[in-house]
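Work through the exercises below with the model on screen. Try each task before you read its solution.

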Amino acid sequence: MSGTTTAAAGAPVARGRRELTYAVLLCLAGAGLAFWAVTRTWSVELTARGSLPAVRHARTGADLLPWVSALALVGLAGGGAVLATRGRVRRLLGGLLTLVGLGVAAGGGYGLTASFGGGVSRQWPALVLAGGLVAAAGGVFTALRGDGWPAMGARYERSDRTAGRADAGRPAVERSTRDAWEALDRGEDPTVS
């Protein structure tokens, strides 16, 4: 009976981890796709020079719409930040990522409909639009379900016990980083307790 109880208790945790992984992957994949597509050549303008060959002037999506690449980078950073946050802050971050993804998608949609002069490629703005929508989906998923997902482990947080005092008698794993560097400066081995 205790094995069934343990399996039942582990199921929500496993589901939460799986959902967290999906949300992070959606945000990172969507923002990454949009950033890559916005750096491709969207428009090529040919300038005639009389009897000389025409001058080819290629412009990327980042040249035409620089704010789209900036938003895509914010989406990439936010996708990683989903891992480091928890609770209400994570849900708020999900809302922000939704807005960022929709902004990126709006830039891709504008790129599909605008005439930038010269020959315009429509495939790259379409990929920016798709990437923005995928990132927005990850943001919506985070905003709706993110507060129930597991947070980073306690080993990444500083405890009050080791916050302010340097105790030479503590084992090496409990010493702060500063204590270890000071021990090295004195010529001691900080790994020996």
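## Exercise 1: The surroundings of V128

Task: Leaving aside neighbours within four places in sequence, find which residues V128 is in contact with.

Solution. Set the cut-off: contact means heavy atoms within 4.5 Å. Skip the neighbours within four places in sequence, and V128 is in contact with A34, A37, V38, W42, V68, V104, A105 and G108.

Some ground rules come next. This is a predicted model, where local features need pLDDT of at least 70 and side-chain atom pairs count only at pLDDT 80 or more, while totals for chains, interfaces and linings use all residues. Residues are numbered from 1 along each chain as its sequence is written, and side-chain values use heavy atoms, with hydrogens and water left out.

## Exercise 2: The fold in outline

Task: How many helices and strands does the chain have, and in which pattern do they follow?

Solution. Helices (H or I, at least four residues) and strands (E, at least two) are DSSP runs, numbered from the N terminus. The chain has six helices and three strands. Along the sequence, the pattern reads α-β-β-α-α-α-β-α-α. Of the 193 residues in the chain, 32% are buried. Among contacts with a separation of 6 or more, 65% join residues 24 or more positions apart.

## Exercise 3: Helix α5

Task: Check the span of α5, then list which of its residues are buried.

Solution. The expected span of a helix is 1.5 Å times one less than its number of residues. For the 23 residues of α5, that gives 33 Å. The end C-alpha atoms are 33 Å apart, which agrees. Next, the burial: W124, P125, V128, G131, G132, A135, A136, G138, G139, T142 and A143 are buried in α5.

## Exercise 4: A pair of rings

Task: Which geometry do the rings of W36 and W124 adopt?

Solution. Rings of Phe, Tyr and Trp (its six-membered ring) pair if their centres lie within 6.5 Å; planes under 30 degrees apart count as stacked, over 60 as edge-to-face and the rest as tilted. The structure holds two aromatic pairs. In the pair of W36 and W124, the ring centres are 5.1 Å apart and the planes stand at 85°, so the pair is edge-to-face. The pair links distant parts of the chain, with W36 in helix α1 and W124 in helix α5, 88 residues apart. W36 is partly exposed at 40%, whereas W124 is buried at 17%.

## Exercise 5: Salt bridges

Task: How many salt bridges does the structure hold? Compare the bridge of E19 and R15 with that of D147 and R91.

Solution. A salt bridge is a side-chain nitrogen of Lys or Arg within 4 Å of a carboxyl oxygen of Asp or Glu. The structure holds four.

- E19 bridges to R15, with the closest N and O atoms 3.6 Å apart. The two are four residues apart in helix α1 (residues 2-38), so about one helical turn separates them. E19 is buried at 12%, while R15 is partly exposed at 41%.
- D147 and R91 meet at 3.3 Å, N to O. D147 lies in the loop between α5 (123-145) and α6 (177-185) and R91 in helix α4, so the pair ties together parts 56 residues apart in sequence.
- R15, E19 and R145 are linked in a network of salt bridges.

Notes
Buried < 20%, exposed > 50% of the residue type's maximum accessible area, 1.4 Å probe, protein only.
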